[in-house]
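Please read these points with the sequence and the 3D view open beside you. They go from the whole chain down to single residues.

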Amino acid sequence: MKKIIFALRASAEKKMGGDSRKAKLYKEQITKLGFSAEIVFSLEQLSLQKPDIVHLFNIDLAYENFLYAEWCVNNSVPYVISTIHHSNEAMSAYYNLAKYNSASDVFKLLGFDFYGAAIFRERL
């Protein structure tokens, strides 16, 4: 039986979003077709699996996906990416509008622009 792993961002288990909802639905449907499927939320969890393919989600969190993809390459496991993402305008608003996001004040004090803040967030 083929095993498919859906690898999600670390916060997806507690902070549901479009990526985690889709992964849950995909897992339900794929298991009905006779495949084995699991959802993981960390590189450590992925490392315990022996998948035939890994499905990545959410290109807004490229650093986490990079680590998953790197693991796949190093272990000769094919992977696919569903490019679920927010628009550039939405991500800019997330990092730049202090009245909606108190974290943006911290980013501004540290001298981060939109892209620097995104990279910083991914590495936390």
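The numbered points below take the fold, the packing, the cores and a few side chains in turn.

1. The model is predicted. The chain has 124 residues, of which 35% count as buried. It exposes about 7900 Å², and carbon and sulfur atoms supply 58% of that area.

2. The chain contains 6 helices and 4 strands. Followed along the sequence, these elements give the pattern β-α-β-α-β-α-β-α-α-α.

3. In what order do the strands of the open sheet lie? The order is E2-E1-E3-E4, and the pairing is parallel. Strand E2 (36-40) and strand E4 (79-82) form the edges, each pairing on one side only. On average, neighbouring strands are turned by 20° against each other, with direction ignored. As background, strands of a sheet pair through backbone hydrogen bonds, and the pairing can be parallel or antiparallel.

4. Strand E3, residues 53-57, pairs with E4 in the parallel sense over 4 bridges. Within these strands, Leu-56 of the one stands opposite Ile-81 in E4.

5. Two helices can be checked against the sheet. Helix H1 (residues 18-32) packs on it, touching strand E1 (3-7), E2 and E3. The direction of H1 makes about 165° with that of E2. Helix H3 (residues 62-74) also packs on the sheet and touches E1, E2, E3 and E4. For H3, the angle of about 165° is taken with the direction of E3.

6. Which residues make up the largest nonpolar core? There are 11 in all: Ile-5, Ala-7, Val-40, Leu-46, Val-54, Leu-56, Tyr-68, Ala-69, Trp-71, Cys-72 and Val-77. E1, E3 and H3 are the elements that give two or more residues to this core. H3 gives the most, with 4 residues. In soluble globular proteins, nonpolar side chains tend to be buried together.

7. Tyr-68 belongs to this core. Leaving aside neighbours within four places in sequence, Tyr-68 is in contact with Ala-7, Leu-8, Val-40, Phe-41, Ser-42, Leu-43, Leu-46 and Leu-56. Another core, of 9 residues, lies apart from the largest one, and its members include Ile-4, Ala-23, Ile-30 and Phe-57.

8. Is Ser-20 buried or exposed? Ser-20, which lies in helix H1, has a relative accessible area of 4% and is therefore buried, because buried means under 20%. Not counting residues up to four places away in sequence, Ser-20 touches Leu-8, Arg-9 and Ala-12.

9. The structure holds 3 aromatic pairs. One of them is formed by Phe-6 and Tyr-26, with 6.3 Å from centre to centre and 45° between the planes, and is tilted. This pair links distant parts of the chain, since Phe-6 is in strand E1 and Tyr-26 is in helix H1, 20 residues apart. Together with Phe-57, the two form one aromatic cluster.

10. Why do Phe-6 and Tyr-26 fall into separate classes of accessibility? Phe-6 counts as buried because its relative accessibility is 1%, and the limit for buried is under 20%. Tyr-26 has a relative accessible area of 32%, so it is partly exposed; that class runs between the 20% and 50% limits.

Technical notes: Residues are numbered from 1 along each chain as its sequence is written. This is a predicted model: local features need pLDDT of at least 70, side-chain atom pairs count only at pLDDT 80 or more; totals for chains, interfaces and linings use all residues. Side-chain values use heavy atoms; hydrogens and water are left out. Two strands pair if DSSP finds at least two bridges between them. Axes are lines fitted to C-alpha atoms, for helices over the stretch in contact, and angles run from 0 to 180 degrees between N-to-C directions. Contact means heavy atoms within 4.5 Å. A nonpolar core is a set of buried Ala, Val, Leu, Ile, Met, Phe, Trp, Tyr and Cys residues joined through side-chain atoms within 4.5 Å. Buried means under 20% relative accessible area, exposed over 50%, partly exposed in between (1.4 Å probe, protein chains only). Rings of Phe, Tyr and Trp (its six-membered ring) pair if their centres lie within 6.5 Å; planes under 30 degrees apart count as stacked, over 60 as edge-to-face and the rest as tilted. Accessible areas come from the Shrake-Rupley method with a 1.4 Å probe; for residues, only the protein chains shown count as cover.
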